[in-house]
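Good morning, everyone, and thank you for making time for this.

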Amino acid sequence: MGSKSTMIRRALSEFGRGRRGLTSQAATAGVNEGGGVVPRLPAFDYTPPKYEGPSAEEILRKRKEFLSPSMFTFYKQPLNIVDGRMQYLFDENGRRYLDGFGGIATVCCGHCHPDVVNAIVNQTKRLQHSTILYLNPAIADFGEALASKLPGDLNVVFFTNSGTEANELALMIARLYTGCHDIISLRNSYHGNAAGTMSATAQANWKFNVIQSGVHHAVNPDPYRGLFGSDGKMYAKDVQDIINFGTSGHGIGGIVELAPDYLPVVYKLIRKAGGLCIADEVQAGFARTGSHFWGFEGHGVVPDIVTMAKGIGNGIPLGAVVTTPEIAQVLTRRSYFNTFGGNPVCTAAGHAVLKVIEKENLQENALTVGSYLKGRLTALMDKYELIGDVRGRGLMLGVELVTDRQQKTPATAETIHVMDQMKEMGVLIGKGGYYGNVFRITPPLCITKEDADFLVDAMDSTMSKM
């Protein structure tokens, strides 16, 4: 589940999880003049302060003039998001939206969760930055807490500033430890946009024409579009072939669940060949899949190295690599240093995130609400031929749209249309996949069943008019 690469809730006093005990219809439906059902956002008792900044048009003009031309936006009329509380976002006019995207699977506790905000503010007031060359309790306390969430001997933590940095470091550690330059990752995977991680990434849309060496891309064990359906062991044979003839994980790829039995077989093959197994948990980690805290746990394997980012800081730039003491020793061969990795503010935020996930039972909520949401989305498949597949676990879900179920023809234009119309109703979701035809539904883990009903009702309403 999620990106796996091998060889590689308002505090109750202020922002609450918003459980209102309303029925689906009472919470989410209204009636328009024509008598049709109109989805309506669940009640939420927060009004953002009046926005007095530049308009969306002015910001867009500045972006085009001063920022990277590679930056793009969703929607025909780009949104100017200026405020957020828990599972909701607000635009410049104060309109509220259900955030079904979570800043690309990043906001796990909820926007501006008071516990996380307080941890950041309090640490910033006391000490914003010094250097890891001095002692400070924030990094040590968080390292201990994070290591306690991982199995076996995975208890040595290297902090970074992003998922790309974490994956770059993990690749280097693996190469140093094994003495082998070869990496095997999956087709359709995404692991970052630096030199090494771009090599491991296997989507042309995200790869520039620069030197990328030492990486072999195995067949993607995709039960929906893959060559062998759900036969994980058949996909694993491709990894063995790469080991024999070519050598010395899937959020952006469209939320792909790996075929059953795939990872256990592949892990054995890699280790038999003297390699290490890396689990990229940048999107799937931190309770998002509901059934487990880490995505790899759902496959019954224990990696040698785990990388993480996004949900680790609830929006703060933070990443980490966790490995065993033995493997970690390779970085003592030279000097390894990261100026901002493990700084007091970010690690204080990360520690607060772990506490909130535990205190507010967000993993259980991700499982309960996620399963309910997936069930409602799956029910739409019987109603609309446009939906080819619904997949994922917990609150990491994908809905693939196709114009022909037999041919699985990507419905790219339809995907953009549905997204735009859902935005007009007050729901924000993402899209991904190689063809840009998969809805990425990765909301904050504090989302409620009423929110889930609203999201599905908005999708239903849109598709009923197509």
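Predicted model: local features only at pLDDT ≥ 70, side-chain atom pairs only at ≥ 80, totals over all residues.

Let me begin with a definition: a residue is called buried when its relative accessible area is under 20%, exposed when that area is over 50%, and partly exposed in between, using a 1.4 Å probe and protein chains only. Cys 180, with a relative accessibility of 14%, therefore counts as buried.

Residues are numbered from 1 along each chain as its sequence is written, and side-chain values use heavy atoms, with hydrogens and water left out.

Taking the chain as a whole, 56% of its 466 residues count as buried. Its secondary structure comes to 14 helices and 17 strands, where helices (H or I, at least four residues) and strands (E, at least two) are DSSP runs, numbered from the N terminus.

Let us turn to one of the helices, α14, which covers residues 449-464 and spans 22 Å from its first C-alpha to its last, close to the expected 22 Å; that expectation is 1.5 Å times one less than the number of residues. How many of the 16 residues of α14 are buried? The count is 14, so that this helix is mostly covered, given the cut-off of under 20%.

Next comes a sheet. Four strands form an open sheet in the order β3-β4-β5-β15, with mixed pairing, and two strands are taken to pair if DSSP finds at least two bridges between them. At the edges are β3 (81-85) and β15 (427-428), each of which pairs on one side only. Strand β4 (residues 88-91) and strand β5 (residues 96-99) run antiparallel to each other and are joined over three bridges, with Leu 89 standing opposite Tyr 97 in β5.

Finally, let us consider the cysteines. A disulfide is a covalent bond between the sulfur atoms of two cysteines, and here the term is applied to a pair of cysteine sulfur atoms within 2.5 Å. By this rule the count comes to zero disulfides. Cys 108, for instance, is in no disulfide, and the nearest cysteine sulfur, which belongs to Cys 109, is 3.9 Å away. Is Cys 108 buried or exposed? With a relative accessible area of 3%, Cys 108 is buried.
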